[in-house]
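I opened a notebook page for this chain. The entries below record what I looked up, in the order I went through it.

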Amino acid sequence: MELLCPKCQHQLEQDGAHAHCPSCGNDVELLACCPDCHQPLQVLKACGAVDYFCQNGHGLISRKRVEFILPA
């Protein structure tokens, strides 16, 4: 999925839960969502690891399946 900068509408370079616009220099924090129900995920951080948990019955979500979107 292509994410566009909210300031200048150029394509963002995504790095996990963060994105950077090479055009205007804007840094954006992305929202992690469940690929099944599209609701925000709870981010669990411990010992350098980051896990994602869906509180809507889908349990732990693999980092590879997480959908990152721009917050509203």
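**Ground rules.** I am working on a predicted model, in which local features need pLDDT of at least 70 and side-chain atom pairs count only at pLDDT 80 or more, while totals for chains, interfaces and linings use all residues. I number residues from 1 along each chain as its sequence is written, and side-chain values use heavy atoms, with hydrogens and water left out.

**Secondary structure.** The order from the N terminus is β-β-β-β-β-β-β-β. I noted the span of the C-alpha trace along its principal axes as about 40 × 30 × 20 Å.

**Burial.** Of the 72 residues in the chain, 26% are buried. Buried means under 20% relative accessible area, exposed over 50%, and partly exposed in between, with a 1.4 Å probe and protein chains only.

**Largest pocket.** I then asked how much space lies in the largest pocket. The value is about 230 Å³. A pocket is an open set of points on a 1 Å grid over the protein atoms alone, where a 1.4 Å probe fits, with protein on both sides within 12 Å along at least five of seven lines; lining residues have an atom within 4 Å of a point. Grid points are joined across faces, edges and corners, and the volume is the space filled by probe spheres set on the points.

I counted 15 lining residues, with Ala 17, Val 43, Lys 45, Val 50 and Tyr 52 nearest the centre of the pocket. The elements giving two or more residues to this lining are β4 (31-33), β5 (42-46) and β6 (49-54). β6 gives the most, with 3 residues. By type, the lining divides into 9 nonpolar, 3 polar and 3 charged residues. In this scheme Ala, Val, Leu, Ile, Met, Phe, Trp, Tyr, Cys and Pro count as nonpolar, Asp, Glu, Lys and Arg as charged, and the others, Gly among them, as polar.

**Salt bridge.** I searched for a side-chain nitrogen of Lys or Arg within 4 Å of a carboxyl oxygen of Asp or Glu, and the count came to 1 salt bridge. Its partners are Asp 36 and Arg 65, at 2.9 Å, N to O. Asp 36 lies in the loop between β4 and β5 and Arg 65 in the loop between β7 (59-61) and β8 (67-69), so the pair ties together parts 29 residues apart in sequence. Asp 36 is partly exposed at 41% relative accessible area, and Arg 65 is partly exposed at 40%.

**Nonpolar patch.** On the surface I found a nonpolar patch of Leu 44, Phe 53 and Leu 60, with about 260 Å² of accessible area together. Patches take residues with over 30% relative accessible area and no salt bridge, joining like charges within 9 Å and nonpolar side chains (Val, Leu, Ile, Met, Phe, Trp, Tyr) within 5 Å. Accessible areas come from the Shrake-Rupley method with a 1.4 Å probe, and for residues only the protein chains shown count as cover. Leu 44 lies in strand β5 and is partly exposed at 34%.

**Positive phi.** Most residues other than glycine have a negative phi. I noted Gln 9, not a glycine, with a positive phi of about 70°; Gln 9 sits in the segment before β1 (13-15). His 38 has a phi near 60° and is placed in the loop between β4 and β5. Gln 9 is partly exposed at 49% relative accessibility, and His 38 is partly exposed at 49%.

Methods: Helix = DSSP H or I, 4+ residues; strand = E, 2+ residues; numbered from the N terminus.
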